[in-house]
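Good morning, colleagues. Please take a moment to look at the sequence and the structure, and then we shall go through a few positions together.

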Amino acid sequence: MSEKPTSTVIYPGTFDPITNGHIDLILRAAKMFGHVIIGVAASPSKKTMFTLEERVGMIEDVFSEYNNISAVGFSGLLVDFAKQQNANLLVRGLRTTIDFEYEFGLTNMYRKLLPELESVFLTPSEEYTFLSSTIVREVALHGGDVSQFVPNSVEKALKNKAINA
Ligand code: COA
């Protein structure tokens with residue numbers, strides 16, 4: 001187990017914005033796989049606070065010192081993005097049993113659409129099991145302190161949005 005595997009994995013999500021919970025999972029994945037591509041979904045139905053470019057930019061900033069972690073925006077189906085990136089592995093996080101039910105449905109659909117795409121599931125550190133981007137946005141919009149949930153750069157970006165909201 002001393003050699004690092006070379007496989008590329010995709011960690012997809014909307015990341016509106018990226019939180020310490022996502023970062024925890026990404027760093028775990030980066031220890032297990034050769035290259036982690038953070039697939040930032042346009043997710044137009046979510047009416048995001050940050051544009052796709054802003055979400056990708058914030059993630060690039062967080063991982064600027066890691067050469068095996070990159071962020072790429074995509075629109076359309078995740079399976080098409082995976083094909084485009086020549087990746088046949090997805091990493092998803094499981095925070096609670098509710099996530100499990102949802103992920104089970106998604107994974108079955110991904111498998112129907114692209115049988116060679118496999119998914120692996122990681123659990124985040126216990127302290128992040130309650131965290132979501134929606135909760136962080138809510139707290140920030142109402143002037144609450146989100147410094148323990150997001151990196152400094154993201155906290156600043158949230159404050160800017162809150163001021164201009
Ligand atoms: N720590 C903190 N928060 C986490 C987390 C973690 N480890 N893992 C998930 N979350 C949060 C997310 O921030 C998100 O919060 P939000 O709903 O408040 O924004 C929530 O949990 C749900 O996360 P997730 O299931 O990753 O949803 P998502 O919208 O971020 O991403 C995609 C879903 C992008 C993977 C999925 O919609 C997709 O594949 N889209 C492309 C179109 C497509 O192919 N659809 C599927 C067809 S089969």
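Which residues does the UniProt annotation "binding site" cover? The annotation, which comes from an unreviewed entry, covers T14, K46, L78 and R92. In the structure, the lining of the largest pocket includes T14, K46, L78 and R92. Please bear in mind that this is a predicted model.

L78 lies in helix α3, which spans residues 78-84. Its relative accessibility is 8%, and because buried means under 20%, L78 counts as buried. Leaving aside residues up to four places away in sequence, L78 touches I10, P12, L90 and Y110.

R92, in turn, is found in strand β4, residues 89-93. R92 has a relative accessible area of 14%, so this residue is buried too. With residues up to four places away in sequence again not counted, R92 touches Y11, P12, L25, Y102, E103, L106, V120, F121 and L122.

Where does L77 sit? L77 is placed in the loop between β3 (69-74) and α3. Is L77 buried or partly exposed? At 46% relative accessibility, L77 counts as partly exposed. Together with M109 and L113, L77 makes a nonpolar surface patch of about 290 Å².

Conventions:
Residues numbered from 1 in each chain as written. Predicted model: local features only at pLDDT ≥ 70, side-chain atom pairs only at ≥ 80, totals over all residues. Heavy atoms only, no water. UniProt positions renumbered as here; feature names shortened; annotations may be inferred. 1 Å grid on protein atoms, 1.4 Å probe; cavity = no way out; pocket = protein on both sides within 12 Å on 5 of 7 lines; lining within 4 Å. Helix = DSSP H or I, 4+ residues; strand = E, 2+ residues; numbered from the N terminus. Buried < 20%, exposed > 50% of the residue type's maximum accessible area, 1.4 Å probe, protein only. Contact = heavy atoms within 4.5 Å. Patch = residues over 30% accessible without salt bridge, like charges linked within 9 Å, V, L, I, M, F, W, Y side chains within 5 Å. Areas by Shrake-Rupley, 256 points an atom, 1.4 Å probe, with all protein chains shown as cover. Salt bridge = Lys/Arg side-chain N within 4 Å of Asp/Glu carboxyl O.
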